[in-house]
Every structure is written in structure tokens, then in C-alpha cells.
Amino acid sequence: MSYFADIPSIAFEGTESRNPLAYRFYDADREVLGKSMRDHLRWAVCYWHTFAWPGHDIFGAGVFERPWKPGEPVTAEHAQIKLDAAFDMFAKLGAPFYCFHDVDAMADHDDTTSYSRELDAIVGKMEGKIAETGVNLLWGTANLFSHPRYAAGAATNPDPDVFAWAAHQVRSMLEATNHLGGENYVLWGGREGYDTILNTNLGHELDQLGRFMNMVVEHKHKIGFDGPILIEPKPHEPTKHQYDRDTATVYGFLKRYGLEDEVKVNIEANHATLAGNSFEHEIATANALGIMGSIDINRGDPQNGWDTDQFPNNVPDLTPVLYYIIQGGGFKTGGFNFDAKVRRQSVDAEDLFHAHIGGVDVLSRALLAAASIIEEGQLDQFVSDRYSGWNEAFGQDVLSGKITLEQAANHAVENNLQPSVRSGRQEFLENLISRHS
């Protein structure tokens, strides 16, 4: 019997519903700005926090009693039980997508041969589940951080043998993602950084990482994978310093190694705030640089200094996020992956459903609020008016390169320019967001 046998399929019941196992705002087929809510959000359930995490922390062992025994060695039997439960949950939630790392789903392995055998076995079974449920793969990835071999990094490891092992995993998972019809492939550099610069040749490691990324892109084209390769920025944890600390840093790396037209970013909310940025800043930056890909949706706890991976629950905070995603043209192949985990004391099967239902409803409310702001047009018009001077002759000549520094300076002198300070209307605009949220 399925672990989730007592939980019904989750339906939309509207805002008057008091049923905790129902959507109050997420009406999948409701049209918003010309697209269904399902197509705007393209949300996914992650395999790792939901099914592979045993509920441990640095001070205590795992507390989750699941029939697939998370935290224990994964047998083929446990992998099958986990697979059945996962797709049962995906289907009952009405999730359009899921995401997974290789080791989240497969049985344990000892070497490259058994790795390939176990991955092939679970991918074959996933293919059947996708056909049965209609829940598709948003993206796949390889875990290049948990195994002891990756203590000093994967692509950036000082040992080229570790680099080769990482290449084996990424090649295998990229091909598996392509086989399963996945829409993106993600590389999270969990240990691509350093704990101390005293034992680190930083330039050498960056060159290793740049070559690795180019190799991944080359193989993507060789096998005919159509989706983008995504890098997920994070500033630190588990390492002291990670090379992909935020979106702007990633773009500089991509430019240096000729990857800016091939690779995009998978932005995580909690990683953005750990880097000292707002979530919407990271999205607006990715839009401006042309590298917006996908989202890992969660939240951090401002009273904790680490990546707490909690489910989102704040509509006003997420309204600007949805606004900038829509203003950037919306998701192409990406979506909102719930890279979030229930709290350690939330031990029941039902808690997993409460978490995802709440997260999806919060995203839906933020989507409706962002759509209302866009339809009203006041925010967009304010920003347009604020930069309107650049549409005049002098501004256009500057941007087109027709004017030198000397000519720009002469323009100020000859016209006796005395520009006055204009209000940025921050409080007015913040009130506008609150009014719609």
C-alpha cells in the first residue's frame, strides 16, 4: 500500500474552503495574462529534500520513518518503494514536474560500473512513471558534493581523478535527463570553492571549472539535448567561498570562458539572501544579462545564518519576484522547483502535502498580485517616465556612442545644466506592491 494511500488527490476548492488538503488559490487552468496558472508557474517537487532527506541535523539523527528508509543504504527495493511513493505524491498534488539528483533515486553503488547499472535501472522505471502519470522532468542533475571523494570539490578538485569521476556522473545524468525528456540540466557547485585560500590555486581551479563547463556544453550538443545548462549560484555553505556566489558573478565567469550564450542560471531564493541580495534583484539581474533560466523556490530564516530551505509563505515578498519573471517574458524551459523541506518535527506523510499546498497557493497569490500590477500599468509607467530623458536626442547619442566624454562635458557647460533631485517615490511604490498583494 502506498505511503500516501490515506491522502486524497488535491483539488482546487476556492478561497472559502477550509479544507487543509485543497488548493484555495491555485486553479491550474485559470487564465492569467493569457496563460494558465499551470503554465506560468511550471512548478516541480524535488526528490532530494522530500524523499532522500532523513530529517537529521548537525546535532541529531534522522527522525523520518518512511518505508523507503531515508538515511540508510539504498537497496534496489528501497529505490523502488521510494519511486512509487514519489510519483504517487506528484500525481496527487497535480504537480506538472519533478526534479532529481542521480543518487536521490537510485540504489547505492561501489564503482563506475555499478553506478551506471543502478542509474540505468531507475531511469528506465522513471520513464514508465512519467508515461503513467504525465508528471514530467523539469531538470536533472548529478550530486557532486555528498560523497567523500568530493570533499575538495568536483570539477575544481586538485586531483584530476576526481574530475574524471565527476565527468562520468554528469555525462550519465545529462544523457538520462535527455532520455527522460527533461527540459533543463542543472549544475550546482556545492563544493566548487574553498575552505581556506592557503591551500588553493584559485586561478587553476577556475580554469578547471571553465573547461568542465565547456565539456558539458559540448556533450549536450553531441547528444542533441535541447534544453539549457543551468548554474545555480550560492555564496558559501558548505564551503567558505563558492565561485558561483551570485548571478552577476556567474555571468562574469561565463563571459571569461565563452559560455554566456550557452549557460543560464537557476536562482534559489535562500541562496540570493545568503549572498546579501534580494530574490527579485537576482531575477532582474538575470533578465538584464540574458541568462534567466529557472527558480528554486524556498525561503530562509532571517534569524539563522544558513540555508534553511523552508517553504515560501510570504505573498508580498514574492509579488515582485513574479512581476520580474513575467516582465522578463516568463519561463521558457524553467519553472518553480520547491527546493524546500518540511521541518524536522513535521514527521507525518500529511505534512509533506501541507507544505507543497501552501507553497503553491502562495505562488498563485503572488502571480495574481503581479498580474494585477502589470494590468494596472502604474509601476511600469513610473519606471518608464523616470528614464524618459534618455529617449531624447542627447541621451540617445550617448547610448549609441556618438558622443565622447569631452562632448558630454561640453553639453553640461554650454547649457548651464543644473539638474534637480527628483523623488524616487520608494514609499509610494512599496505601498503599490502592498495594495495588490
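Which residue's backbone oxygen lies 3.0 Å from a polar atom of the side chain of T273? Point 5 has the answer; here are my notes on the model.

1. First, the ground rules. This is a predicted model, in which local features need pLDDT of at least 70 and side-chain atom pairs count only at pLDDT 80 or more, while totals for chains, interfaces and linings use all residues. Residues are numbered from 1 along each chain as its sequence is written, and side-chain values use heavy atoms, with hydrogens and water left out.

2. Now the overall build. The protein chain has 16 helices and 12 strands; these are DSSP runs numbered from the N terminus, with helices being H or I over at least four residues and strands being E over at least two. The C-alpha trace spans about 80 × 60 × 45 Å along its principal axes. For 437 residues a compact globule would have a radius of gyration near 22 Å, and the protein chain, at 23 Å, agrees with that. That radius is taken over C-alpha atoms, and the globule rule is 2.2 Å times the number of residues to the power 0.38.

3. How about the inside and the surface? Of the 437 residues, 50% are buried, where buried means under 20% relative accessible area, exposed means over 50%, and partly exposed is in between (1.4 Å probe, protein chains only). The accessible surface comes to about 20,600 Å², and carbon and sulfur atoms own 50% of that; the areas come from the Shrake-Rupley method with a 1.4 Å probe, and for residues only the protein chains shown count as cover. Take contacts (heavy atoms within 4.5 Å) between residues at least 6 apart in sequence: 75% of them join residues at least 24 apart. As for charge, the mean positions of the 36 positive and 62 negative charges are 1 Å apart. Lys and Arg count as positive and Asp and Glu as negative, leaving out His and the chain ends, and each charge is placed at NZ of Lys, CZ of Arg, CG of Asp or CD of Glu.

4. The loop between α2 (47-52) and α3 (76-93) deserves a look, starting with D57, which is found there. D57 is partly exposed, with a relative accessible area of 36%. The side chain of D57 reaches two backbone nitrogens: that of F59 at 2.9 Å and that of G60 at 2.7 Å. Both are polar contacts, that is, pairs of N or O atoms within 3.5 Å; within protein, one must be able to donate a hydrogen and the other to accept it, and residues adjacent in sequence count only if both atoms are side-chain atoms. A61 is in that loop too, and counts as exposed because its relative accessibility is 59%. R344 turns up for both residues: its C-alpha atom is 8.2 Å from that of D57, although 287 residues separate them along the chain, and R344 is in contact with A61, as are G55 and H56, leaving aside neighbours within four places in sequence. By way of scale, the C-alpha atoms of A61 and L259 are separated by 42 Å.

5. Next, two threonines in helices. T177 is found in helix α6 (residues 160-179) and is buried, with a relative accessible area of 0%. Beyond neighbours within four places in sequence, T177 is in contact with L137, G140, G182, N184, Y185 and F225. T273 belongs to helix α9 (residues 269-274) and is partly exposed at 46%. To settle the opening question, it is N270 whose backbone oxygen lies 3.0 Å from a polar atom of the T273 side chain. The C-alpha atoms of T273 and R299, 26 residues apart along the chain, are separated by 8.8 Å.

6. Some backbone details to check. Most residues other than glycine have a negative phi, and most peptide bonds are trans. Here, a cis peptide bond joins E237 and P238, with omega about 20 degrees; P238 lies in the loop between β8 (229-231) and β9 (241-242). L33 has a positive phi, near 50 degrees; it sits in the loop between β1 (31-32) and β2 (35-36) and is partly exposed at 34%. N416 has a positive phi as well, near 45 degrees.

7. Last, the loop between α15 (405-414) and α16 (426-436), which is where N416 is placed. N416 is exposed, with a relative accessible area of 53%. R422 is in the loop between α15 and α16 and counts as exposed at 71%. The C-alpha atoms of R422 and R386 are separated by 9.0 Å, with the two residues 36 apart along the chain.
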